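Welcome, and thanks for taking a look at this one. Please open the sequence and the structure side by side, and we can walk through a few places together.

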Amino acid sequence: MNGAPTLPDAIRAADALDPLRHLRDQFVLPDGMIYLDGNSLGALPRATAARVAAAITDEWGRGLITSWNAHDWIGAPQRIGAKIAGLIGAGPREVVVADSTSVNLFKLLAAACRHQRGRNKILSEPGNFPTDLYVAQGVERLLPECRLETVPVERLAAAIDEDTAVVLLTHVHYKTGRRLDMAAITAAAHARGALVLWDLSHSVGAIEIDLNGCDADLAVGCGYKYLNGGPGAPAFLFVAERLQGVLRSPLSGWMGHARPFDFVDGYEAAPGIDRFLCGTPPILAMAALESGVDLIAGVDRAAITAKAAALSDLFLREVEPLCATHGFTLVTPRRFAERGSHVSLAHDHAYGICQALIARGVIGDFRAPDMVRFGFTPLYTSFADVWRAVAILGAVMASRAWDDPRYQVRERVT
């Protein structure tokens, strides 16, 4: 970038020593852009365009319907699910790719509530990701015996009681970046007979997750953030093997049948994780997602987590002087054990600041009412990206560029 401050030697050295630096070349990243929004939409892997083109031209174009068998379209939900399982500490038969995160939340939350007879409370926290709360409210309307209760997270463990059916939480908070102690909360819920449903959307692919090590019950996650599956990519769900035989999906679709190609009238749930399938898998979207998952599946999870920590630590160190001089409030916990791979700053003019940064090639995002988020994707974010982004943020604040009327007009997507 013209006129940019000289990159410090320590930053150059950090990038030179980065064991994941070769992965950056596996992504399409526009010249002159610093992309810090992979926590919202991951970048395009270079292999994806060719993979999707092959699915269109060869598999669909030439193979037509024979590709359900010849190219194993029918096995895509389980095949990709098994690859994701390796990223989240699950068994290969405990994860399946299907539908959207919202639909999967509904399926698992409703199934858990119906299973936990005699318990009628869904427990969550205020400010959880909206779709999690909206879906819980939908289940509340569908099952009149159930009710949603929200409690601040610091008081949540004490609020789990004999009436609690399910605890619904996001592992890494979408807005603040705070990370919850999955093992401790799951153990507290189990001690009182409750199940826990974890939303992994802002942690899978960025930090280490060990569902089975934490004795987790249920989880969902999206495919388009750190998994780089493309906008609107299919989501995944996890059901611990011990629960698969007793939970029933409320969406008893064709693909969840034990013998879908027998075409019988009566529904019989498939054994295992397959019972949580519903409709026909979207094959072109599955091809894009599998390309993104394949890229990350072979990368050491500890190395990914270590880089997420190092990138976000650098950002925090560099941005701290701006907090003191320009009125920012750090919202995200400072300790990496308590956060994910994005950092949020609160400011009265957060929207304008975000737009001014975008105009200067630094892509973060805004979350109402007053937060600017910066995501650090370990596979392609460099230490130079982080350092330069903070330098540009400082210039925006010093010049009051955010006050430009152009940056006050709200877009539909923020």
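Alanine 258 counts as partly exposed because its relative accessibility is 28%; buried means under 20% relative accessible area, exposed over 50%, and partly exposed in between, using a 1.4 Å probe and protein chains only. This is a predicted model, in which local features need pLDDT of at least 70 and side-chain atom pairs count only at pLDDT 80 or more, while totals for chains, interfaces and linings use all residues. Residues are numbered from 1 along each chain as its sequence is written, and side-chain values use heavy atoms, with hydrogens and water left out.

You will find alanine 258 in the loop between strand 10 (236–239) and helix 9. Helices (H or I, at least four residues) and strands (E, at least two) are DSSP runs numbered from the N terminus. Not counting residues up to four places away in sequence, alanine 258 touches Glu268, Ala269, Ala270 and Pro271, where contact means heavy atoms within 4.5 Å. Alanine 269 is eleven residues from alanine 258 along the chain, and their C-alpha atoms are separated by 5.3 Å.

## Helix 2 against helix 9

Helix 9 (residues 283–297) also meets helix 2 (residues 46–62): their axes come within 9 Å and cross at roughly 145 degrees. Here the axes are lines fitted to C-alpha atoms over the stretch in contact, and angles run from 0 to 180 degrees between N-to-C directions. On the helix 2 side, Ala47, Thr48, Arg51, Val52, Ala55, Ile56 and Trp60 take part, facing Leu284, Ala287, Ala288 and Ser291 of helix 9. By class, this contact has eight nonpolar, two polar and one charged residues; Ala, Val, Leu, Ile, Met, Phe, Trp, Tyr, Cys and Pro count as nonpolar, Asp, Glu, Lys and Arg as charged, and the others, Gly among them, as polar.

## Two nonpolar cores

The largest nonpolar core has 50 residues, and those with the most contacts inside it are Ile84, Ile88, Trp198, Leu200, Leu211, Leu227 and Phe236. Such a core is a set of buried Ala, Val, Leu, Ile, Met, Phe, Trp, Tyr and Cys residues joined through side-chain atoms within 4.5 Å. Its largest share, six residues, comes from helix 4 (residues 76–88). Apart from it lies another core, of 38 residues, with Ile11, Leu316, Trp387 and Ala401 among them.

Trp387 is also in contact with threonine 6, as is Arg12, leaving aside neighbours within four places in sequence. Threonine 6 sits in the segment before helix 1 (9–17) and is exposed, with a relative accessible area of 66%.

## Two buried loop residues

Asparagine 128, in the loop between strand 5 (121–124) and helix 6 (130–142), counts as buried because its relative accessibility is 2%. Arginine 178 belongs to the loop between strand 7 (164–170) and helix 8 (182–191), and is buried with a relative accessible area of 17%. Its side chain makes a polar contact with the side chain of glutamate 125 (2.6 Å). A polar contact is a pair of N or O atoms within 3.5 Å; within protein, one must be able to donate a hydrogen and the other to accept it, and residues adjacent in sequence count only if both atoms are side-chain atoms.

## Backbone details

A cis peptide bond joins alanine 368 and proline 369, with omega about 5 degrees. Aspartate 72 has a positive phi, near 55 degrees, in a residue other than glycine.
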